[in-house]
Amino acid sequence: MTDLFALGLGVGTQNSKGEWLEVFFPQPLLNPAPAVAKAVADALGYEAGNQAIALDSAKLDALASALEAAGSAEQAAIVKSFQGSKRPLVAALLAEDAAPSSVPEGYLKLHLISHRLVKPHGTVLDGLFGTLPNVAWTNQGAVDLAELPGRQLQARLNGELLDVDCVDKFPKMTNYVVPAGVRIAHTARVRLGAYIGEGTTIMHEGFVNFNAGTEGPGMIEGRISAGVFVGKGSDLGGGCSTMGTLSGGGNIIISVGDECLLGANAGIGIPLGDRCTVEAGLYITAGTKVAVLDDKGELVESVKARDLAGKSDLLFRRNSVNGAVECKTNKSAIALNEELHANN
Ligand SMILES: CC(C)(COP(=O)(O)OP(=O)(O)OC[C@H]1O[C@@H](n2cnc3c(N)ncnc32)[C@H](O)[C@@H]1OP(=O)(O)O)[C@@H](O)C(=O)NCCC(=O)NCCS
């Protein structure tokens with residue numbers, strides 16, 4: 001029997017040098033059944049390690065029969081559908097959860113998160129930026145940036161327009177998977193590798209980076225930066241911000257607990273516990289001095305916001321009279337608007 005961390009059979013795009021630009025894995029597997037892993041390994045001559053193996057027609061036949069014999073009708077059907085593909089095909093077999101060393105490996109890991117097979121921080125993504133190429137995402141699929149001018153000219157000469165939607169290392173998630181029970185108003189704002197939990201609504205202003213996301217249900221009208229995870233029943237108000245750790249945000253991993261409300265244009269540079277509210281427009285950084293008030297509004301102590309990291313039932317606001325940032329016990333934790341979520 002063969003033990004694998006993950007397995008993906010995919011179809012992708014390569015540049016004219018045969019280098020991978022992206023890979024679509026229709027049904028990635030986390031910890032595949034040992035019999036299925038062995039069937040794939042035997043059919044492809046895989047022995048060990050993390051490998052991306054190109055699939056040709058002969059390998060597809062062997063793979064389909066081996067998968068059927070191993071009782072995996074679903075994966076066998078995918079392999080059969082690969083026959084006659086106009087695009088390159090690949091099998092990514094990952095023996096261990098290590099830093100991704102190839103484009104198929106990196107894409108498989110992003111798929112695992114967006115398919116909700118692993119949570120953000122649940123798989124090693126170290127060095128992913130260096131592994132993935134920057135790509136022009138167009139109406140004709142992924143295009144190598146060095147080849148873009150030629151492709152643009154060719155399209156024009158054919159009387160067509162090569163429409164470049166974006167230039168990025170990460171494509172939009174919904175072109176790879178639409179997880180069940182979500183609404184996403186503006187699909188370009190959710191990158192592949194986002195984890196969008198069931199019952200999540202992401203409005204136009206909302207954004208979700210890779211290795212980040214929501215447990216669901218939730219209402220997201222603000223930014224969920226890389227590495228940030230938002231608990232159930234939380235509401236991120238319009239234009240609010242969660243600080244990422246990628247660009248100068250420090251190394252505290254930001255998270256939002258259950259049933260929190262980040263007000264419109266608010267922001268956090270500390271993790272929040274459950275049932276916390278941040279007043280609209282207030283940005284709390286880790287070093288923000290906070291006056292902790294008791295029920296009568298009397299000062300109990302003055303602390304840095306990082307000392308309150310992860311604590312539950314807090315209300316943060318900026319005193320509109322004296323400008324001090326204050327923290328009180330949150331008496332009116334939010335309940336998500338039932339009406340808004342009825343149609344998820
Ligand atoms: C911080 C917040 C939650 C407080 O709301 P609340 O708990 O309902 O509090 P209230 O507005 O009823 O105010 C209670 C009291 O505190 C006072 N108060 C409220 N905010 C204050 C502030 N920043 N500074 C000083 N006093 C303040 C009120 O004037 C009121 O005083 P009173 O008792 O004398 O009447 C709210 O202002 C807020 O920012 N909500 C976020 C909403 C949002 O952005 N949603 C997302 C939309 S996309």
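**Ligand shell, cores and selected residues**

With a relative accessibility of 51%, N265 counts as exposed, because exposed means over 50%. This residue belongs to the predicted model described here. N265 sits in the loop between β20 (261-262) and β21 (267-268). The phi angle of N265 is near 60°, a positive value in a residue other than glycine.

A backbone N or O atom of A264 is placed 2.7 Å from an oxygen atom of the ligand. For E279, a polar side-chain atom lies 2.7 Å from a nitrogen atom of the ligand. For R317, a polar side-chain atom lies 3.3 Å from an oxygen atom of the ligand. On its own the ligand has 970 Å² of accessible area, and the protein covers 46% of this.

The largest nonpolar core contains 67 residues, among which Y107, L272, V278 and F316 touch the most other members. Helix α4 (residues 103-114) supplies the largest share of this core, with six residues. A second, separate core holds 22 residues, including I53, L60, I78 and L89. With residues up to four places away in sequence left out, the contacts of L272 are S255, V256, G257, C260, L262, V278, G310, K311 and F316.

L282 is located in the loop between β22 (277-278) and β23 (283-284). L282 counts as buried because its relative accessibility is 1%, and buried means under 20%. Not counting residues up to four places away in sequence, L282 touches N265, A266, G267, F316, R317, R318 and V325. One of these contacts, A266, is 16 residues from L282 in sequence, and the C-alpha atoms of the two are 4.6 Å apart in space.

H111 is part of helix α4. The relative accessibility of H111 is 0%, so this residue counts as buried. Beyond the residues up to four places away in sequence, H111 touches V23, F24, F25, P28, Y176 and L192. R116 is found in the loop between α4 and α5 (128-131). R116 has a relative accessible area of 23% and is therefore partly exposed. Its phi angle is near 65°, a positive value in a residue other than glycine.

C166 belongs to strand β8 (residues 164-168). Its relative accessibility is 32%, so C166 counts as partly exposed. Apart from neighbours within four places in sequence, C166 is in contact with V135, A136 and W137. C166 and G197 are 31 residues apart in sequence, with a C-alpha to C-alpha distance of 25 Å.

A cis peptide bond, with omega about 0°, joins G216 and P217. P217 lies in the loop between β13 (212-214) and β14 (218-220).

Key
Residues are numbered from 1 along each chain as its sequence is written. This is a predicted model: local features need pLDDT of at least 70, side-chain atom pairs count only at pLDDT 80 or more; totals for chains, interfaces and linings use all residues. Side-chain values use heavy atoms; hydrogens and water are left out. A polar contact is a pair of N or O atoms within 3.5 Å; within protein, one must be able to donate a hydrogen and the other to accept it, and residues adjacent in sequence count only if both atoms are side-chain atoms. Accessible areas come from the Shrake-Rupley method with a 1.4 Å probe; for residues, only the protein chains shown count as cover. A nonpolar core is a set of buried Ala, Val, Leu, Ile, Met, Phe, Trp, Tyr and Cys residues joined through side-chain atoms within 4.5 Å. Buried means under 20% relative accessible area, exposed over 50%, partly exposed in between (1.4 Å probe, protein chains only). Helices (H or I, at least four residues) and strands (E, at least two) are DSSP runs, numbered from the N terminus. Contact means heavy atoms within 4.5 Å.
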